[in-house]
Amino acid sequence: MTGVRDMNRRARTILTAATAVALSAALAGPAVAAPPTGGHEATRQAVRAAVADGVPGVTVRVQRGHGAWAATAGVGDLETGKPRSTRDHYRVASISKTFVATVVLQLEAEGRLSLDDTVEKWLPGVVRGHGHDGREITLRQLLNHTSGVFDYLADPGFQRTYMTADGFMKHRFDEADPAELLAFALANEPYFAPGSSFRYSNTNYLLAARVIEKATGNGYGEEIDRRIIAPLHLTSTSVPTTRVTLPRPSSRAYSKLAETDTGPTYDVTELNARLAYGSGQMVSSSADLNRFYSALLRGRLLPPEQLKKMKTTVPSGRETSRYGLGLVDRKLSCGVHVWGHDGGISGSNSDAVTTEDGRHTLAVNFNGDWSGSIRAIVEAEFCGT
């Protein structure tokens, strides 16, 4: 519980001037050395550019065939100047959605549920209010964000309570029940009729996690651990329950706690990610994320029928990406397609992608949430630009 006792000390505002000094010092030093074979210079430059743009620190790892390359830039602690580690644990936020979707599809393969089941079948009477109706929403629509269910993170009351500076500092350790989080969503009208459009909503995966629990009788995190983490030996990956600190090694996490890239910078490392539940509660590392997405796309976690369903996409509103079942298909500027997911939570921005054959993977994390381009790093690795 040391992290909780030290919260007041660690969470104090870090002045912008001090941030600038620390970043300047970090840029003066080299990134972690690449193996002699190299071949990732464009990626290294994109990582450094993110730090120059204001990201405190970056850690990235690439796996290609049997070879791995990893690098860092910037710092993991603005107070001490300690660098980031290529082995850092970090909160992966919405990357958790791919894990949740994988478990749902495994349950379908076992005949324990169907993607065409309604939410009402598994969560009777739960999704009702202001036009929401679980009798009209299927599990498939939850997983590909075509349900129309309002995103609880977009609710003004939720944002005031948990996402402003004052609200975050007061409520960062809250242990909200999924029903409380769902209530924020159902206080608003749905975005559209189920199946008629696409709108990314974290509520979809809160509900998907609850369906896993109803279908198995276990916590959704227990099922992820049993079905994915343990078989793949993802030793740095977990679904924390109420833990507010990160496993070691890890870096500090920083946020502006505002819709701005100026103003004070806050240390937000300690927080209870249960507020994200099935939509983004997990912790992992770049090496583990590479292993997970490679195994997934290579068919080690799902039978061919379920993997095909996962990769069946709908338009996402972005010209360069389409959304499957917890899995995004992105077309890069050079025409290469990569599959994966990104994720953002206070103090952390991450991305993990792989080629369709699972042989070329990348996972990257920023320990700040207000600047830098992760997409530029992905483009640099897969397109060389």
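**Cavities, rings and backbone of a predicted model**

Strand 4 provides 3 residues to the lining of the largest cavity, the largest share of that lining. The structure is a predicted model, in which local features need pLDDT of at least 70 and side-chain atom pairs count only at pLDDT 80 or more, while totals for chains, interfaces and linings use all residues. Residues are numbered from 1 along each chain as its sequence is written, and side-chain values use heavy atoms, with hydrogens and water left out. Helices (H or I, at least four residues) and strands (E, at least two) are DSSP runs, numbered from the N terminus.

The description may continue with the cavities. On a 1 Å grid over the protein atoms alone, a cavity is a set of points where a 1.4 Å probe fits but cannot get out, and lining residues have an atom within 4 Å of a point. Grid points are joined across faces, edges and corners, and a volume is the space filled by probe spheres set on the points. The structure holds 2 cavities of 30 Å³ or more. The largest cavity has a volume of about 60 Å³. It is lined by 13 residues, of which Tyr 90, Leu 246, Ser 251, Ala 253 and Asn 365 are the closest to its centre. Strand 4 (89-91) and strand 15 (360-366) each contribute at least two residues to this lining. By residue class, the lining of the largest cavity comprises 4 nonpolar, 6 polar and 3 charged residues; here Ala, Val, Leu, Ile, Met, Phe, Trp, Tyr, Cys and Pro count as nonpolar, Asp, Glu, Lys and Arg as charged, and the others, Gly among them, as polar.

The second largest cavity has a volume of about 30 Å³. Its lining consists of Val 104, Leu 139, Leu 142, Leu 143, Ala 208 and Val 211, which divide into 6 nonpolar, no polar and no charged residues.

The aromatic rings come next. Rings of Phe, Tyr and Trp (its six-membered ring) pair if their centres lie within 6.5 Å; planes under 30 degrees apart count as stacked, over 60 as edge-to-face and the rest as tilted. A search of the whole structure finds 9 aromatic pairs. In one of them, which is tilted, the rings of Phe 158 and Tyr 162 lie 4.8 Å centre to centre, with 45° between the planes. Phe 158 and Tyr 162 are separated by about one helical turn, because they are 4 residues apart in helix 8 (residues 156-162). Phe 158 is buried, with a relative accessible area of 4%, and Tyr 162 is likewise buried, at 12%; buried means under 20% relative accessible area, exposed over 50%, and partly exposed in between (1.4 Å probe, protein chains only).

Tyr 220 and Tyr 277 form another tilted pair, 5.0 Å centre to centre and with 55° between the planes. Tyr 220 lies in helix 12 (residues 220-229) and Tyr 277 in the loop between strand 8 (265-267) and strand 9 (283-285), so this pair ties together parts that are 57 residues apart in sequence. Both Tyr 220 and Tyr 277 are buried. Ring pairs also link Tyr 152, Phe 158, Tyr 162 and Phe 184 into a cluster.

A charge sits over a ring if NZ of Lys or CZ of Arg is within 6 Å of the ring centre and within 35 degrees of the ring normal. The charged end of Arg 199 sits over the ring of Tyr 191, 4.0 Å from its centre, and that of Lys 311 sits over the ring of Trp 339, 5.5 Å from its centre.

Most residues other than glycine have a negative phi, and most peptide bonds are trans. Arg 248 and Pro 249, however, are joined by a cis peptide bond with omega of about -5°. Pro 249 is located in the loop between helix 12 and strand 7 (254-255). His 233 belongs to the loop between helix 12 and strand 7; it has a positive phi of about 55° although it is not a glycine. His 233 is exposed, with a relative accessible area of 59%. Ala 93 has a positive phi near 55° and lies in the loop between strand 4 and helix 5. Ala 93 is buried, with a relative accessible area of 3%.

Technical notes: On a 1 Å grid over the protein atoms alone, a cavity is a set of points where a 1.4 Å probe fits but cannot get out, and a pocket is an open set with protein on both sides within 12 Å along at least five of seven lines; lining residues have an atom within 4 Å of a point.
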